[in-house]
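Q: I have a structure open and would like to go through it with someone. Can we take it piece by piece?

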Amino acid sequence: MASLMADDAYETSMEIEQRLNNMTTSELVDRAKGLKAELSMLKEEQESSQSPEKLKDISNRMSSITSEMDMIQKILIALGAGALIANLSDDDDDSSPVAATPVDTTPPVITVLGDNPANAEFGSTYIDAGATAADTSYASGSVTVTTSGSVNTSVEGTYTITYSATDAAGNTGTATRTVIVADTVAPVFTSSSTFVVDEGTTDVGTVTATDLQALSFSISGTTELSITTSGVLTFISPPDYESQTNDPLSLPYDGSTYDIQAVVTATDASSNASTQTITVSIRDVGGIDDNPDTGTGTNTSTSTESEDDGTSTGTGTGTGTGTGTGTGTGTGTGTSS
């Protein structure tokens, strides 16, 4: 019997499955029809044969055919072509069609890896954790996950990444990940926290900070200073070193400063805020009268008198406060009775 000597009679199950997986749907159906015809012929020979050796060969071949037909049936079901095998029954005594095995309608199951939803920092590089897919249908082979969607970390908002996978039967499974891009980093001050100005000067300086978004500045804790939204710091009125006390004569005029403190707040477009305590030191200019060209002074005098010659002498000194000082001496004569 030629069929018993066919090369495919000696294939392993793995080799048979590999060969079938490389066939088209129509080739699989034709193969199944041929196997069915061969199986019918083998049954006839089995009934008429008396040779034990031949009967053993027939039995082995029938078993191999049955196994291959089962493989074809499962592959066709996985390909969504289960209806094509409705009439491929190996039961010749039953001429009615065999009910088709239900086709594969189960999509792959996708597992999203990592956090979902995921958070991405504004301005950072987003690296997606990906997803995996599993499919339980027979002969579907590997299932590849396709990713669609993108995340722009330069724009705050909510983004969606979609994962999909399609099995050999055309069933598609999907899953999504939500990615939230947000700025959570507060501004960082880059300017000094101390400023030094001369009294009478309203301009103080500029406060600066760094951030990925636009910044605005504000100030609190003072009634003497103001700041623009861009960070320019000024006095509302010209500062006066002597205004720190009701008794200017008690103040030191040795380079000491009158210090004013305030709190500056830097806020970015996402409402992240940082604060910095600043100190503005006011230096005296021109002494107590704020005039560098003049000095103020006080006088003291002493005198001595002698009865012997009827004369007296006196000395006087004058000191000035400010940038100028003066000293003076004087003599005087007098008579006594």
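Predicted model: local features only at pLDDT ≥ 70, side-chain atom pairs only at ≥ 80, totals over all residues.

Q: How much of the chain counts as buried?
A: Of the 337 residues, 31% count as buried.

Q: And the contacts, how many join residues at least 24 apart?
A: Taking contacts between residues at least 6 apart in sequence, 57% join residues at least 24 apart.

Q: How do strand 4 and strand 5 pair?
A: They run antiparallel, over 3 bridges, with strand 5 covering residues 157–166. Threonine 147 has tyrosine 163 in strand 5 as its bridge partner.

Q: What about strand 9 against strand 13?
A: Strand 13 is residues 232–235, and the two pair antiparallel over 3 bridges. Within that pairing, glycine 205 has leucine 233 of strand 13 as its bridge partner.

Q: Which residues have the most contacts inside the largest nonpolar core?
A: Val204, Phe217, Leu225, Leu233, Phe235 and Val280 have the most contacts there, in a core of 21 residues. The elements giving two or more residues to this core are strand 8 (194–198), strand 12, strand 13, strand 14 (257–268) and strand 15 (273–283). Strand 14 gives the most, with 5 residues.

Q: What does valine 280 touch?
A: Setting aside residues up to four places away in sequence, valine 280 touches Phe195, Val197, Val204, Leu225, Leu233, Phe235, Tyr258, Asp259 and Ile260.

Q: Why would nonpolar side chains be buried together?
A: As a general point, nonpolar side chains tend to be buried together in soluble globular proteins.

Q: Aromatics. How many aromatic pairs are there?
A: The count comes to 2 aromatic pairs. One of them is phenylalanine 189 with phenylalanine 217, a tilted pair at 6.5 Å centre to centre with 55° between the planes. This pair links distant parts of the chain, since phenylalanine 189 is in strand 7 (residues 188–189) and phenylalanine 217 is in strand 11, 28 residues apart.

Q: Phenylalanine 189 and phenylalanine 217: buried or exposed?
A: Phenylalanine 189 is buried, at a relative accessible area of 17%. Phenylalanine 217 is buried too, at 9%.

Q: What does the side chain of glutamine 213 make a polar contact with?
A: With the side chain of serine 270, at 2.6 Å. Beyond its neighbours within four places in sequence, glutamine 213 is in contact with Phe122, Glu156, Asp183, Asp268, Ala269 and Ser270.

Q: Where is serine 271, and what is its phi?
A: Serine 271 lies in the loop between strand 14 and strand 15. Its phi is positive, about 70°, although serine 271 is not a glycine. At 61% relative accessibility, serine 271 counts as exposed.

Q: Which residues does the cis peptide bond join?
A: It joins asparagine 116 and proline 117, with omega about 10°. Proline 117 is in the loop between strand 1 (109–112) and strand 2. For background, most residues other than glycine have a negative phi, and most peptide bonds are trans.

Q: Last one. Where is isoleucine 77 found?
A: Isoleucine 77 is in helix 3 (residues 52–78), and it is buried, with a relative accessible area of 15%. Its C-alpha atom is separated by 9.7 Å from that of alanine 168, 91 residues apart along the chain.

Key: Residues numbered from 1 in each chain as written. Heavy atoms only, no water. Pairing = 2+ DSSP bridges. Helix = DSSP H or I, 4+ residues; strand = E, 2+ residues; numbered from the N terminus. Polar contact = N/O pair within 3.5 Å; in protein donor to acceptor, adjacent residues only side chain to side chain. Contact = heavy atoms within 4.5 Å. Core = buried A, V, L, I, M, F, W, Y, C linked by side-chain atoms within 4.5 Å. Buried < 20%, exposed > 50% of the residue type's maximum accessible area, 1.4 Å probe, protein only. Phe/Tyr/Trp six-rings, centres within 6.5 Å; stacked < 30°, edge-to-face > 60°.
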